[in-house]
Amino acid sequence: MLRVDPRERPRLEEIRDNLIDRIAEAEREGWLGEVDGLSVSLAAAEGKLTQLEAEQTRSSAVVPLGLPSFSDIAARSTDAR
């Protein structure tokens, strides 16, 4: 699966919005085959936006590493004396 560069999010949102407009036009004109094709493209664009959102959420999450704090280390060294 190809990853989308997060800097391209505005362009991907523009593509999604354009697809929504084109689907509405195709429905008005009765172009059912066009509606189906555009709907597939819209689902792919929305999937990529969801992927970007999940990636952003994952990268901003704090991961506890279990490292001791300075006060924990200092307390141990003074107790050893």
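V63 sits in the loop between helix 2 (32–60) and helix 3 (70–79). Helices here are DSSP runs of H or I with at least four residues, numbered from the N terminus. This is a predicted model, in which local features need pLDDT of at least 70, side-chain atom pairs count only at pLDDT 80 or more, and totals for chains, interfaces and linings use all residues. Residues are numbered from 1 along each chain as its sequence is written, and side-chain values use heavy atoms, with hydrogens and water left out.

V63 is exposed, at 60% relative accessible area. The classes are buried (under 20%), exposed (over 50%) and partly exposed (in between), with a 1.4 Å probe and protein chains only. Together with L65 and L67, V63 forms a nonpolar surface patch of about 370 Å² accessible area. Patch members have over 30% relative accessible area and no salt bridge; nonpolar side chains are joined within 5 Å, like charges within 9 Å. Areas come from the Shrake-Rupley method with a 1.4 Å probe.

The structure holds 6 salt bridges. Each is a side-chain nitrogen of Lys or Arg within 4 Å of a carboxyl oxygen of Asp or Glu.

| Pair | N–O distance |
|---|---|
| D5 and R7 | 2.6 Å |
| R9 and E13 | 3.1 Å |
| E14 and R11 | 3.2 Å |

R7 is exposed at 68%, while D5 is partly exposed at 29%. R9 and E13 lie 4 residues apart in helix 1 (residues 9–29), so about one helical turn separates them. E14 and R11 are 3 residues apart in helix 1, again about one helical turn. R9, E13 and E53 are linked in a salt-bridge network.

Conventions. Helices (H or I, at least four residues) and strands (E, at least two) are DSSP runs, numbered from the N terminus.
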